[in-house]
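Hi,

Here is the structure I promised to pass on. Have a look at it first, and then read on for what turned up.

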Amino acid sequence: MNRLFSPLRLRELTLGNRILVSPMCQYSAVDGKMGAWHVAHLASLALSGAGLLTFEATSVSPEGRISAFDAGLYDDATEAAMAEVLAILREASPIPLGIQLGHAGRKASSRRPWEGRDPLPIEEGGWQTLAPSGLPIAPGGPVPRAMDEADIEALLARFTASAERADRLCFDYLEVHCGHGYLLSSFLSPLANHRRDAYGGSLQNRMRLPLEVVRRVRAVWHSKKPLGIKINGSDFAEGGFTLEEAGRFAAELGAEGIDLITVSGGGVDPGQKIALGPGYQVPLAEHVRRQSGLATAAVGLIVSAAQAEEIVASGKADAVALARAMLFDPRWPYHAALELGAEHAYPPQYERAHPSIWPGAALTRADRSG
Ligand SMILES: Cc1cc2nc3c(=O)[nH]c(=O)nc-3n(C[C@H](O)[C@H](O)[C@H](O)COP(=O)(O)O)c2cc1C
């Protein structure tokens, strides 16, 4: 029996299959507002046949954006822009929709990836970044301001307000971004967090802010809807957050009402050493799943149908999240279903493309492989 195409229930939400479109920043918003690019991009993914489509990392405040072109959900204007995108997607596709909320911390105020990712100087429109400690991410880089109690309270209020907006927009799923060296994951990492107060030092202290964010968000997010989080299973850097700590963190997250953990890694330290290979982060998801008993999604170089099926069928993770493979081939789930011999209904508008009724497709494939 095929597992990848079996349903996954998270609270009252049932995903039709276990393929998740991983959140992907598009760096194409204007003043935090999504626009035409997002409609086109997200619509193609909404028709992908995946079980869940989660919107890109969306900032809870203007200074929490990675670049000046990141999407936000922090005021009425950003909410209204997102509502327009959602209205189109909802009319076109029944796919469940999620949103990832985050704050970039010391990785904020940067140029876009295709402009080099460097820090954007204040003179060119950049801004003062915030972090657990005044430590630049790279030597010689801009020094973030260490957050004080008032900053922490303001951040919690920001997450709460954005989660309320997400609930009002009727998203089906909300994910807190607590990975990749952005603000919440930098609180977890001893490499970025040198605080001596209640938010630094022991794991208990480093977890305090992320857990408080989850608690506040869970309190305003609909109790019937699943809440997820993306975490680092490892910083992949000496002295960083470890897999063992991730397992303990995950157990606490379960107690706060988290339903799904996507386990990723890295992004905290430029000196990180990652042994890249197919499914290189799957063992992290497997460990976290075992330690916490929570549903997990594996992410990172999951590219083939057989690989995805094996991850889910062997119980290493409950779902797979795909980013680059999905951008490369936004019909990935349909192609995977074909390869695995799974039932997966096309939208009626696309039915004539199904190879079972279009012998030309088989011919084309045979030509290609020959
Ligand atoms: C264009 C692009 C944008 C991304 N933006 C985000 C993001 O907004 N939030 C996030 O958690 N990860 C983001 N990521 C990371 C992916 O979600 C994923 O964790 C990573 O790419 C590994 O998965 P993959 O090998 O399937 O691409 C992004 C990746 C890409 C390629």
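Let's start with the helices: H1 (residues 36–46) packs against H2 (residues 76–92) at an angle of about 30°, and their axes are 10 Å apart. That angle makes H1 roughly parallel to H2, a label for angles under 35 degrees. The crossing of these two, H1 and H2, is right-handed, meaning that the near helix is turned clockwise from the far one by less than a right angle. Axes here are lines fitted to C-alpha atoms over the stretch in contact, with angles from 0 to 180 degrees between N-to-C directions. Helices are DSSP runs (H or I, at least four residues), numbered from the N terminus.

Before going further: this is a predicted model, where local features need pLDDT of at least 70 and side-chain atom pairs count only at pLDDT 80 or more, while totals for chains, interfaces and linings use all residues. Residues are numbered from 1 along each chain as its sequence is written, and side-chain values use heavy atoms, with hydrogens and water left out.

There is also H6 (residues 208–220), which packs with H7 (residues 243–255) at about 25°, with axes 10 Å apart. H6 and H7 are therefore roughly parallel to each other, and H6 passes H7 in a right-handed crossing.

Now the ligand. Polar contacts (N or O pairs within 3.5 Å) include a polar side-chain atom of Gln100, 2.8 Å from a ligand nitrogen. A backbone N or O atom of Cys25 also lies 2.8 Å from a nitrogen atom of the ligand, and one of Pro23 lies 3.1 Å from a ligand oxygen.

Cheers

Terms used
A polar contact is a pair of N or O atoms within 3.5 Å; within protein, one must be able to donate a hydrogen and the other to accept it, and residues adjacent in sequence count only if both atoms are side-chain atoms. Angles under 35 degrees count as roughly parallel, over 145 as roughly antiparallel, 65 to 115 as roughly perpendicular and the rest as oblique.
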